[in-house]
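Keep the sequence and the model side by side as you read.

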Amino acid sequence: MFLLNGQPLPLDTPFKDAAGNSYPANWLRLTTIHEKQAIGITEVPDPVPVVVAPAEPDTEPEVPSE
């Protein structure tokens, strides 16, 4: 994930830097990390997704009587 001024930069979306310069949607894909760093963009790992499993029911399953 790329950040500019602490804000995430989504890929394939045009953006502006702090000086007001506009960049096209494909700029992040076409440039080197050095070019990104030159305008203040940093790269950080993507956050780990949190998977929430459904809660277990509080009751035991009903067993049929014979």
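A word on the source. This is a predicted model, in which local features need pLDDT of at least 70, side-chain atom pairs count only at pLDDT 80 or more, and totals for chains, interfaces and linings use all residues. Residues are numbered from 1 along each chain as its sequence is written, and side-chain values use heavy atoms, with hydrogens and water left out.

How confident is the prediction? pLDDT is the predictor's confidence in each residue, from 0 to 100. Its mean over the chain is 89, and 89% of the residues reach 70 or more. Strand 2 (residues 7-9) has the lowest confidence, at a mean of 95, and strand 4 (residues 22-23) the highest, at 98. Where pLDDT is low, the predicted coordinates should not be read in detail.

Next, the layout. The chain has 2 helices and 5 strands. Helices (H or I, at least four residues) and strands (E, at least two) are DSSP runs, numbered from the N terminus. Read from that end, the elements run β-β-β-β-α-α-β. The chain has 66 residues, and 18% of them count as buried. Contact means heavy atoms within 4.5 Å. Among the contacts with a separation of 6 or more, 39% are between residues 24 or more positions apart. The chain exposes about 5,600 Å², and carbon and sulfur atoms supply 58% of this area. Such areas come from the Shrake-Rupley method with a 1.4 Å probe; for residues, only the protein chains shown count as cover.

Now return to the rings. A pair of aromatic rings is described by the distance of the centres and the angle of the planes. Rings of Phe, Tyr and Trp (its six-membered ring) pair if their centres lie within 6.5 Å; planes under 30 degrees apart count as stacked, over 60 as edge-to-face and the rest as tilted. How many aromatic pairs does the structure hold? There are 3 aromatic pairs. In one of them, the ring centres of F15 and Y23 are 4.9 Å apart and the planes are at 15°, so this pair is stacked. F15 also pairs with W27: the centres are 6.0 Å apart and the planes at 70°, so this pair is edge-to-face. F15 lies in strand 3 (residues 15-16) and W27 in helix 1 (residues 27-30), so the pair ties together parts that are 12 residues apart in sequence. Both F15 and W27 are buried. F15, Y23 and W27 form one aromatic cluster.

The largest nonpolar core has 8 residues: F2, L4, L9, F15, Y23, W27, L28 and I41. Strand 1 (2-4) and helix 1 are the elements that give two or more residues to this core. A nonpolar core is a set of buried Ala, Val, Leu, Ile, Met, Phe, Trp, Tyr and Cys residues joined through side-chain atoms within 4.5 Å. In soluble globular proteins, nonpolar side chains tend to be buried together.

L4 lies in strand 1. Its relative accessible area is 7%, so L4 is buried. Leaving aside neighbours within four places in sequence, L4 is in contact with L9, F15, K16, D17, I39, G40 and I41. L4 and D17 are 13 residues apart along the chain, and their C-alpha atoms are separated by 7.5 Å.

Turn to charge. A salt bridge is a side-chain nitrogen of Lys or Arg within 4 Å of a carboxyl oxygen of Asp or Glu. By this rule there is 1 salt bridge. The side chains of R29 and D12 meet in it (2.8 Å, N to O). The pair links distant parts of the chain, with R29 in helix 1 and D12 in the loop between strand 2 and strand 3, 17 residues apart. R29 has a relative accessibility of 51%, so R29 counts as exposed. D12, with a relative accessible area of 43%, is partly exposed.

The backbone comes last. Most residues other than glycine have a negative phi, and most peptide bonds are trans. D12 has a positive phi, near 60°, and is a residue other than glycine. N5 has a positive phi of about 55° although N5 is not a glycine. N5 sits in the loop between strand 1 and strand 2. The relative accessible area of N5 is 58%, so N5 is exposed.

Definitions and conventions. Buried means under 20% relative accessible area, exposed over 50%, partly exposed in between (1.4 Å probe, protein chains only).
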